Amino acid sequence: MEAVVASKPVIKVAAISGSLRKASFNRGLIRTALELTKESIAGVQMEYIDISPLPMLDTDLEVDGKFPPAVEAFRQKILESDSILFASPEYNYSLTAPLKNALDWASRPPNVWADKAAAIVSAGGGFGGARSHYHLRQVGVFLDLHFINKPEFYLNAFQPPAKFDSDGNLIDEDSKERMKQVLLSLQAFTLRLQPKN
């Protein structure tokens, strides 16, 4: 007799970094999340969504109810996702201009962020980007994003032991385990928010 194993549905996660630098620590966090979902977290399909092609928000670029092609492509990726992983560096106690620009474009009617689960991770000096979390959460509340409460992930990248290599890749095993816990929490919360069939 064959055993039937019920599997979790696959969720699609859009991974967005607020930093555009290739070797940034926050893009390194996204690369780690991508690796973890491929290697050790079943039921999560994650895709990195590059926000660098987005023009600065200018509603004059919306013509005949259509957005510029880069914006349309970005909005479609968000729409197809079940949840969002933000890697949000802290600039002047806030989120970055490119990340805010992406949030604004995808919130144009119809708001494609609405009713999605989300998580925030960050790395940097001092508080490790924690203050950017607060501002991003405030923006997300208005956009109807639903953030996980725990665990929080903000990493002081400059405290020993070394957290990143020279290319911005996360090398600290404890931090990788913390990232895995964030992803598992995001997965569980995403499934909880989805309508029951």
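Close-up 1. I11 lies opposite V44 in β2. The model is predicted: local features need pLDDT of at least 70, side-chain atom pairs count only at pLDDT 80 or more, and totals for chains, interfaces and linings use all residues. Residues are numbered from 1 along each chain as its sequence is written, and side-chain values use heavy atoms, with hydrogens and water left out. Strand β1 (residues 11-17) and strand β2 (residues 44-48) pair in the parallel sense over five bridges; pairing requires that DSSP finds at least two bridges between two strands. Strands (E, at least two residues) and helices (H or I, at least four) are DSSP runs, numbered from the N terminus.

**Close-up 2. Strand β1 beside strand β3.** Five bridges also join β1 to strand β3 (residues 83-87), in the parallel sense. Here A15 has L85 in β3 as its bridge partner. Six of the seven residues of β1 are buried, that is, under 20% relative accessible area, against over 50% for exposed and in between for partly exposed (1.4 Å probe, protein chains only).

**Close-up 3. Residue S24 in the loop between β1 and α1.** S24 sits in the loop that lies between β1 and α1. Its relative accessible area is 2%, so S24 is buried. Leaving out residues up to four places away in sequence, S24 touches S17, S19, R31 and G168, where contact means heavy atoms within 4.5 Å.

**Close-up 4. Helices α2 and α3.** Helix α2 (residues 69-80) packs on helix α3 (residues 97-107) at an angle of about 80°, and their axes are 10 Å apart. That makes α2 roughly perpendicular to α3, a class covering 65 to 115 degrees, with under 35 roughly parallel, over 145 roughly antiparallel and the rest oblique. Axes are lines fitted to C-alpha atoms, for helices over the stretch in contact, and angles between N-to-C directions run from 0 to 180 degrees. On the α2 side the contact involves V71, F74 and R75; on the α3 side, A102, W105, A106 and S107.
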